[in-house]
Amino acid sequence: MKKAIKLIKNRSDIGAGTRGSDLGIDAIEIAAINRDSNYFNQFEFEDVKTHNESIYDKNRSTSAKRIEHVVEQCTRVCHAVKKNLEQNYFPIVLSGDHSSALGTISGIKAAYPEQTLGVIWIDAHADLHSPYTSPSGNIHGMPLSAALADDNLSCQNNEVPLETQQHWEKMKNIGSDGAKVLAEDIIYFGVRDTEEAEDKQIEKLYIRNYKVHEVRYRGLQTCVTEALAELTNCDMIYISFDVDSMDCDMISYGTGTPVPKGFDQYEVIAIINQIIESKKVVCLEFVEINPLLDTKGNKMAETAFEVLEAVTSTLILPIE
């Protein structure tokens, strides 16, 4: 029997450098209404309390902006995901900025501490910075470092205040102490905009990145099959879909950090659907839709909803 889907709505954008991704969930819901879809009436949902008013606070840390509030938000997401997994739901997490992924990963690991988690990260960015390496201090670029509990100190270029260090340690230990995932169990699709510190980390940790041109040249199905083979030892898989993995020139600039030469929505749907068919996926997350930056009306949210609706159909199909 299939698990019932629960939508977890996390309208938080405090980990981003640009405001507006907290409105992404509402933008997706508007896209559904405009398509005359009853998607959001089909499933139970839960709203996660947010701390968006913290954007008005004076930043005490330039190496990890608003980190104390991001820790609090990721902890809330962790608890929501853990609770729903334990209640036998399949969580689809709709979030603002990508820092939320640390909360989601922590919640999955807290619910299933003895199981090995694989992460498929569909994104233009590696999100492997830490407060010690980040050029911006925006924590939506740090969730995988926190999940790996790896500070990449060999590439340190920031002096990090003691208070920020303490919050970062709390962040790495949300849900359970230490690393939630091993580097060998992380696979990128579409990462193409990185900094030197991240490049060195990817090389050092041997994290596989299926770039857009490789997926198109070798074949999408071949690459996903290979990725799943690399995660054979994993008991469960979490898919994190950042809409900036899609081509901003082709789709929309309605995301905080748009990058050209990405996937189209049909490629993303095909990637996610093939991974779902492995029967290992326990949670999906959609992030970084920013309608305030969209120069094509609500195009990014409309495209994200197209992906959401398509992959949800695959989730709810009966097992053959």
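Helix H3 (residues 67-86) packs against helix H6 (residues 162-172) at an angle of about 15°, and their axes are 9 Å apart. Helices are DSSP runs of H or I with at least four residues, and strands are runs of E with at least two, numbered from the N terminus. Axes are lines fitted to C-alpha atoms, for helices over the stretch in contact, and angles run from 0 to 180 degrees between N-to-C directions. H3 and H6 are therefore roughly parallel to each other (angles under 35 degrees count as roughly parallel, 65 to 115 as roughly perpendicular). Ile67, Glu68, Val70, Val71 and Cys74 of H3 meet Thr164, His167, Trp168, Lys170 and Met171 of H6, contact meaning heavy atoms within 4.5 Å.

The model is predicted, and local features need pLDDT of at least 70, side-chain atom pairs pLDDT 80 or more, while totals for chains, interfaces and linings use all residues. Residues are numbered from 1 along each chain as its sequence is written, and side-chain values use heavy atoms, without hydrogens and water.

Helix H1 (residues 24-34) and helix H11 (residues 299-316) pack at about 75°, with axes 8 Å apart. That makes H1 roughly perpendicular to H11. H1 contributes Ala27, Ile28, Ala31 and Ala32 to the contact, and H11 contributes Ala301, Glu302, Ala304, Phe305 and Leu308.

The protein chain contains 11 helices and 8 strands. Along the principal axes, its C-alpha trace spans about 55 × 40 × 40 Å. Of the contacts in the chain with a separation of 6 or more, 77% are between residues 24 or more positions apart. Buried residues make up 61% of the 320 residues, where buried means under 20% relative accessible area (1.4 Å probe, protein chains only).

How values were computed
Angles under 35 degrees count as roughly parallel, over 145 as roughly antiparallel, 65 to 115 as roughly perpendicular and the rest as oblique. Buried means under 20% relative accessible area, exposed over 50%, partly exposed in between (1.4 Å probe, protein chains only).
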